[in-house]
Amino acid sequence: MPDTSSEPAGPAFTATMAVAESIGGWLTAAQARVLWDEAATLPARSRIVEIGSHQGRSTVVLARAAPESTLVAIDPFIAGALFGGAATKDKFAANIDRAGVAGRIELREAKSTDLRPTWTEPIDLLYIDGKHDYWTLSDDLRWAEFVRPGGIVLIHDAFSSIGVTLGLLRHVLFGSRLRYLDRQTSLARFAVEPPQLRDRARLMGQLPWWVRNVVIKVGLRAARPFGNTTPDPY
C-alpha cells in the first residue's frame, strides 16, 4: 500500500473522523488514516478482526472504511479503572450505533487469548490493540495464522509499550511469518510474508525511537503525583 498519510483526506474519512474523535481512545487521526486506507482497499465480503475495541474509536473507522465487509470486534470489557467493564461496553454500543455501523459489527465479548484456539475463519485484515503485556501480545500475534498470505496486520502501540515491543522482537524479528513494512508513530504495519534481512534491520532500526518513548513515559508518569497531565507519547 502506498503511503497516503500525507495526502489530503477525502470527505468520507473526514466525516468519519468527526465522529471518531468524539469517542474515547488513543488512536490519532494519522493512525486512523492508516486503518482507513487498509480497510478501504479490501474487496467486498472481507473479514476484518479487531482485537481491543474499547469505546469503538478504531471500530468506527474500520467499519466505515469497508462498508461491504464484516468487522469482528473482540473485547472482554473487563471491569476496573483501566478498562471500564460494563460502562465501556455500553459506550461502545452507543458509539457504533451513532456511527451507523452497528449492523455490520460482530461483537465477541471475550479475551482474544481464549477465543483464538477455537477460531477457524480466514481473516483479510487484522488490527491488534489488546492488552499490552508481552504474553498477551505474543498470543495475539498467533491470530496472523488466519490472515491470508500477503494480508496486513496492524499493531497499535508497537513502539510505545515495553510488552508489545518485546513481543515483536521475540516473535517477529526472529520469526518467519510477518514482514515489517512501516509505522505511523507507534502504529506498525506488517505483511503476512516471509521477512528478508532488510525487513528485520528496519524493525531493529525502530528501537531508538522506542527507547525514547519509554523514557518519556516513565518521566511523565513519575510526575503525575505532582500534577502533570501530559499524555503519553504515541
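An open sheet of 7 strands, with mixed pairing, runs in the order β3-β2-β1-β4-β5-β7-β6. Two strands pair if DSSP finds at least two bridges between them, and helices (H or I, at least four residues) and strands (E, at least two) are DSSP runs numbered from the N terminus. Please keep in mind that this is a predicted model: local features need pLDDT of at least 70, side-chain atom pairs count only at pLDDT 80 or more, and totals for chains, interfaces and linings use all residues. Residues are numbered from 1 along each chain as its sequence is written, and side-chain values use heavy atoms, with hydrogens and water left out.

- Strands β5 (residues 147–155) and β7 (residues 187–192) pair in the antiparallel sense over 4 bridges; Ile 152 has Ala 191 in β7 as its bridge partner.

**A helix on the sheet**
- Helix α2 (residues 29–40) packs on the sheet and touches β1 (47–51), β4 (123–128), β5, β6 and β7, where contact means heavy atoms within 4.5 Å.
- The direction of α2 makes about 20° with that of β7; axes are lines fitted to C-alpha atoms, for helices over the stretch in contact, and angles run from 0 to 180 degrees between N-to-C directions.

**The helix pair**
- The axes of α7 (residues 162–173) and α8 (residues 197–204) come within 11 Å and cross at roughly 170°.
- That makes α7 roughly antiparallel to α8 (angles over 145 degrees).
- Leu 168, Leu 169, Val 172 and Leu 173 in α7 meet Arg 200, Leu 203 and Met 204 in α8.

Methods:
Angles under 35 degrees count as roughly parallel, over 145 as roughly antiparallel, 65 to 115 as roughly perpendicular and the rest as oblique.
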